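Dear colleague,

I am passing on the structure we spoke about, and below it you will find notes on how the two sides meet. Please read them with the structure open.

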Amino acid sequence: MSTAVGDAAPHQRTFKVWRGDKTGGKMVDYTAEITPGMVVLDAIHQIQATQASDLACRWNCKAGKCGSCSAEINGKPRLMCLTRMEALPEGDVTVQPMKAFPNIRDLVTDVSWNYTVNKKITKFTPANPGTRFVAEDGTFRMQQRDVERTQEMRKCIECFLCQDTCHVIRDHEKHEVFSGPRFFARAASLEMHPVDVADREPFLKNEGGIGFCNITKCCTEVCPEHITITDNAIIPLKERIADRYYDPVTMLWRWVTGADKKDG
Amino acid sequence: MEIQTFEHDVLVIGAGGAGMRAAIEAADAGCSVGLVCKSLLGKAHTVMAEGGIAASLGNVDDRDGWKVHFADTMRGGQYVNNWRMAELHAKEAPTRVRELEQWGAVFDRTKDGKILQRNFGGHRYPRLAHVGDRTGLEIIRTLQDHSVHKSQIAVYMECCITKLIKDGERVVGAFGYYREKGRFVLFKAKSVIIATGGLGRAFEVTSNSWEYTGDGYSLAYNAGAELLDMEFIQFHPTGMVWPPSVRGILVTEGVRGEGGVLRNKDGKRFMFDDIPENYRNQTAKDPEEGWRYTQGDKTAMRPPELLTRDHVARCINREVKAGRGSPHGGVFLDIAWIKERVPNAREHIKKKLPSMYHQFMELGGLDITTTAMEVGPTTHYTMGGVRVDGDTQMSCVPGLFAAGEAGAGLHGANRLGGNSLSDLLVFGKRAGEHAAKYAKEQKHGWIDEAEVKASMEWALHFMDAPKGDENPYKVQQDLQKMMQAQVGIVRKEDEMRTALEEITKLKARAVAVQAPANREYNPGWHTCMDLSNLLIVSEALTKCAIERKESRGAQFREDYQEKSKEFGNCNMIIKKGIDGQMQLRREPVTPLTDELKAIIDEQAK
């Protein structure tokens with residue numbers, strides 16, 4: 001729980017900010033004046049406006065709703081706009097770009113890989129009118145409880161902090177064969193949509209590489225939207241895939257009937 | 001110097017709700033579409049919309065229909081709206097919302113499984129389809145995920161347009177730069193749609209992000225398009241004022257709806273002091289009656305805290321100016337007091353206002369169940385914008401279209417909550433459809449290489465050898481402070497004349513702003529270029545505000561406090577003169593058709 005923001009006198013803090021590009025860089029010291037209630041993004045803006053006008057960083061809403069200002073603050077993946085100075089321990093504050101993506105400049109990284117992965121996920125595909133959740137006129141009939149799991153996954157603001165912290169991407173660099181927690185959450189939001197009829201399980205098993213995830217829950221821990229990615233997206237998807245591809249009885253049945261990949 | 005060139009049938013500038021919806025429509029019509037966004041895809045200001053999207057689906061109250069929505073929108077806009085846009089908007093919004101559901105949007109549900117709708121200020125029946133308090137995010141993500149599968153749409157992220165290119169009268173392309181590498185880019189297009197949002201960054205206190213520097217208005221103006229009613233800027237009465245880092249972030253109207261009251265530093269409920277005559281019959285006589293209204297008593301009248309946004313904003317402003325404000329320059333918004341009336345008030349407040357509870361707890365360290373919030377007005381929305389044809393969204397410049405907050409006409413003098421998201425979809429779709437139609441009738445135009453070269457040199461000159469020591473951030477801050485003080489919520493002729501003089505001085509300073517010579521992701525350089533847009537729109541809105549010598553909707557003139565019949569029949573039109581000077585003229589509002597007038601009269605009963 002946060003503490004109240006009082007009128008404490010401004011004081012100085014040292015920020016060690018990573019400056020550079022893909023060819024290399026270094027930490028540069030700046031001093032910012034800390035006023036009550038300030039967040040790390042305010043300090044970066046202050047440094048931009050007064051000491052380093054070309055210091056590169058992304059930001060938009062400044063209210064934790066757009067997911068632009070992702071960075072690593074004192075080594076932890078966080079949104080700069082939601083990290084209050086009071087919440088950080090005393091001493092210097094380090095601000096670095098996300099490590100899992102190639103650097104463009106300073107705090108800005110190349111996150112285009114995520115947009116490429118997104119295209120591979122089969123889009124929402126509604127069932128025909130006159131089916132269980134679709135009225136004859138084509139409008140949907142779903143109870144609130146039927147959509148809650150999907151809605152949880154749709155809270156995602158695409159800050160990509162979960163991708164940044166995931167060791168499969170960050171340490172093992174499996175970008176080519178692993179789509180990462182953000183896109184497991186997206187796939188889950190579609191797979192759990194009552195009206196959707198597409199099948200994304202073969203993708204998740206193969207190209208999506210969901211098997212690489214060993215459920216360390218790091219993604220859930222860093223999610224600023226508090227989405228329980230591991231428990232409510234990844235584990236249920238893994239279970240479905242295990243049932244479909246690795247359950248001995250199902251495997252035998254599929255072999256005997258020659259059922260295609262569509263049923264599950 | 002190398003310039004990348006791309007060719008598209010339709011170029012969409014801006015990728016919020018309106019831009020993405022336009023791109024989808026043009027792609028579905030078989031056009032090749034370039035979609036340019038200043039930030040990453042999916043980060044536009046549409047994500048900030050909370051309350052919902054207005055559409056008369058009639059799922060919660062079947063008395064609702066397009067006629068009621070139309071009349072509500074016209075009343076809210078105080079009848080200077082483009083009635084044709086208000087009509088189309090009311091008629092088409094339900095289809096646009098249902099379509100979004102078909103594309104995967106997951107709205108909250110009614111008990112019988114349909115899209116749930118909620119009440120909102122100015123809407124007669126529960127009309128806002130919503131997803132908790134994150135409706136904007138749902139809309140942007142749905143459009144994003146729908147459009148990424150369309151091969152006809154090429155997305156250019158972190159790309160900023162600085163100039164539209166014309167061949168004779170027609171717009172045939174656009175020039176800009178990639179923020180990432182600082183490389184220049186030229187788009188050849190048969191039609192161009194402006195969907196760049198608003199101009200909140202012209203003011204010091206705003207809910208808008210860095211992007212909203214009025215780019216689209218300025219691009220269109222420089223290309224010869226007309227700007228309409230730029231004086232109508234919506235100041236939302238309750239933004240956060242403390243701590244400084246969150247100044248301007250919205251505090252939902254819902255706090256007052258749940259019984260929250262406004263007080264000054266002496267603890268007085270000042271809203272009871274100033275109730276406009278035409279609202280007296282609809283306003284509570286005392287706090288007791290106001291409280292009963294918030295608790296659902298249909299025989300009680302609403303408390304004065306729930307008067308229109310413009311009025312509440314002005315009353316707050318008055319208290320602060322009179323020295324009766326809170327310690328940090330706002331007033332107190334108190335919901336904690338309801339513990340006198342409600343058992344277990346703490347849990348009640350957390351349940352009714354979860355996001356507000358967390359917003360104040362996380363960013364302000366303040367528990368709204370025990371302590372009053374400090375709030376004040378914040379610049380929120382631009383009702384004015386590029387003047388367009390109501391049906392096609394085309395401006396007076398052939399091939400140039402505008403939609404969403406960048407376009408103008410639907411909202412008149414004041415926008416109702418929830419009508420923005422529906423505006424984006426209805427007119428984004430229409431702009432896409434008609435820009436595609438126009439593009440199919442055209443060939444690519446001729447691009448004047450000299451004009452492209454001049455645009456490039458203009459961009460680069462900010463990094464040339466120093467011309468002075470002007471810091472672009474400082475000039476921008478000075479402009480914002482000045483506009484806030486002189487052309488803000490309460491306006492006076494002499495102050496606004498001063499503002500025009502200040503703008504002239506700031507323009508001179510903006511010529512001398514300087515950025516370090518580094519093309520790669522250099523926000524200082526980008527700010528240099530954004531400044532010229534901010535200065536144009538600041539001048540335009542100040543000129544319109546001076547000319548409109550009346551108080552109507554979002555415009556309040558201390559020197560002309562009443563509505564005037566003369567100006568009630570006027571729209572303000574800004575256009576760039578042949579001499580390069582900004583010209584302003586009045587034009588009569590297009591009269592309503594008899595059929596629509598009859599609807600308004602019927603709904604007023």
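A polar contact here is a pair of N or O atoms within 3.5 Å, where within protein one must be able to donate a hydrogen and the other to accept it, and residues adjacent in sequence count only if both atoms are side-chain atoms. By that rule, 37 residue pairs are in polar contact between chain A and chain B, both residues being at pLDDT 80 or more. This is a predicted model, in which local features need pLDDT of at least 70 and side-chain atom pairs count only at pLDDT 80 or more, while totals for chains, interfaces and linings use all residues. Residues are numbered from 1 along each chain as its sequence is written, chains are lettered from A and ligands numbered from 1 in the order in which they are written, and side-chain values use heavy atoms, with hydrogens and water left out.

Taking contact as heavy atoms within 4.5 Å, the interface draws 67 residues from chain A and 62 residues from chain B. The buried area, meaning the accessible area (1.4 Å probe) that two parts lose on being put together, summed over both, is about 5,300 Å², and carbon and sulfur atoms give 51% of it. On the side of chain A, Lys65(A), Tyr115(A) and Arg154(A) lose the most area to chain B, together 13% of what that side buries.

Six salt bridges (a side-chain nitrogen of Lys or Arg within 4 Å of a carboxyl oxygen of Asp or Glu) cross the interface of chain A and chain B. The side chains of Glu158(A) and Arg141(B) form a salt bridge, at 3.8 Å from N to O.

With best regards
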